[in-house]
Amino acid sequence: MAEEVVLLDFWASPFGIRVRIALAEKGIKYEYKEEDLRNKSALLLQMNPVHKKIPVLIHNGKPICESNVQVQYIDEVWHDTAPLLPSDPYQKANARFWADFVDKKMYELGSKIWRTKGEEQATAKKGFIESLKLLEGELGDKTYFGGENLGYVDIALVPFYCWFYAYEKCGEFSIEAECPRLMAWVKRCMQKESVANSLPEQEKVYELVLRAKKILGI
């Protein structure tokens, strides 16, 4: 039976980008369906009735929700190519811990940098930089978070790179100045086709942020 893989997504979503990178790493062909987040499709509401959010991965008619869960699913189903999670149970648990850390810190703090001003923005910026420095410490001198090959934690974090420019412009700071080793890691990731072809241009994301700020009256 032919595999039917569909991804319901929004072009600038770092969570959707994770799934796109994972699918590209595995060489899986899929149908991409762009969602209008202000007018969600009936298919999205049907496939993710709990959270009603993108991304939704649909494999042979069955929905899988939440991006980190989707990446794990992709790794388990298509396990013969480009393993994303380590086989060692301790290393696997550690990778899941850091992917969860990215989930808890990057989006919320990054959003606050462009959505707020003054003291609230300064606090968010400080927390964001501190979180990146912790990730930089975990990366150490390794090529990627998992070692020599792009893996689960890399896929969890690198999609946020397309938002870095917007965070920097709104927060008036430089991520490269604060975290040079992490930015060197980003550049290594961007040399991979699976990553480079999945991330939108930073300027395009910044334009989206400016439009959102205008709508929200920020």
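This tour goes through the structure selection by selection and says what is found at each stop.

The model is a predicted one, in which local features need pLDDT of at least 70 and side-chain atom pairs count only at pLDDT 80 or more, while totals for chains, interfaces and linings use all residues. Residues are numbered from 1 along each chain as its sequence is written, and side-chain values use heavy atoms, with hydrogens and water left out.

**The two annotated spans**

Begin by selecting residues 3–82, which an unreviewed UniProt entry lists as "domain: GST N-terminal"; UniProt positions are given in the numbering used here, feature names are shortened, and annotations may be inferred rather than shown by experiment. The end C-alpha atoms of residues 3–82 lie 18 Å apart, and the span is 38% helix and 21% strand, where helices (H or I, at least four residues) and strands (E, at least two) are DSSP runs numbered from the N terminus. Then select residues 88–208, where UniProt, again in an unreviewed entry, places "domain: GST C-terminal". For residues 88–208 the end C-alpha atoms lie 41 Å apart, and the span is 76% helix and 0% strand.

Select Glu31, which is found in strand 2 (residues 31–34). With a relative accessible area of 41%, Glu31 is partly exposed, a class that lies between buried (under 20% relative accessible area) and exposed (over 50%), for a 1.4 Å probe and protein chains only. Leaving aside neighbours within four places in sequence, Glu31 is in contact (heavy atoms within 4.5 Å) with Val5, Val6 and Leu7. The C-alpha atoms of Glu31 and Glu4 are separated by 8.3 Å, the two residues being 27 residues apart along the chain.

Move on to Asp36, in the loop between strand 2 and helix 2 (42–47), which counts as partly exposed at 42% relative accessibility.

**Gln121 in helix 5**

Next select Gln121, which lies in helix 5 and is buried, with a relative accessible area of 15%. The side chain of Gln121 reaches the backbone oxygen of Cys170 at 3.0 Å. Apart from neighbours within four places in sequence, Gln121 is in contact with Lys112, Ile113, Thr116, Cys170 and Gly171.

A search of the whole structure finds 11 aromatic pairs, counted for rings of Phe, Tyr and Trp (its six-membered ring) whose centres lie within 6.5 Å, with planes under 30 degrees apart called stacked, over 60 edge-to-face and the rest tilted. Select Phe128 and Phe164, which form an edge-to-face pair at 6.2 Å centre to centre, with 85° between the planes. This pair links distant parts of the chain, since Phe128 is in helix 5 and Phe164 in helix 7, 36 residues apart. Phe128 counts as buried at 0% relative accessibility, and Phe164 counts as buried at 3%.

**The buried face of helix 9**

Finally, select helix 9 (residues 180–190), whose buried residues are Leu182, Met183, Trp185, Val186 and Cys189. Seen down the axis of helix 9, these buried residues fall within an arc of 150°, so they line one face of the helix; the arc is that of the directions from the helix axis to the C-beta atoms. To see what covers the buried residues of helix 9, display helix 5 (118–139), helix 6 (152–157), helix 7 (161–171), helix 8 (175–178) and helix 10 (193–196), which are included in that cover.

Notes
A polar contact is a pair of N or O atoms within 3.5 Å; within protein, one must be able to donate a hydrogen and the other to accept it, and residues adjacent in sequence count only if both atoms are side-chain atoms.
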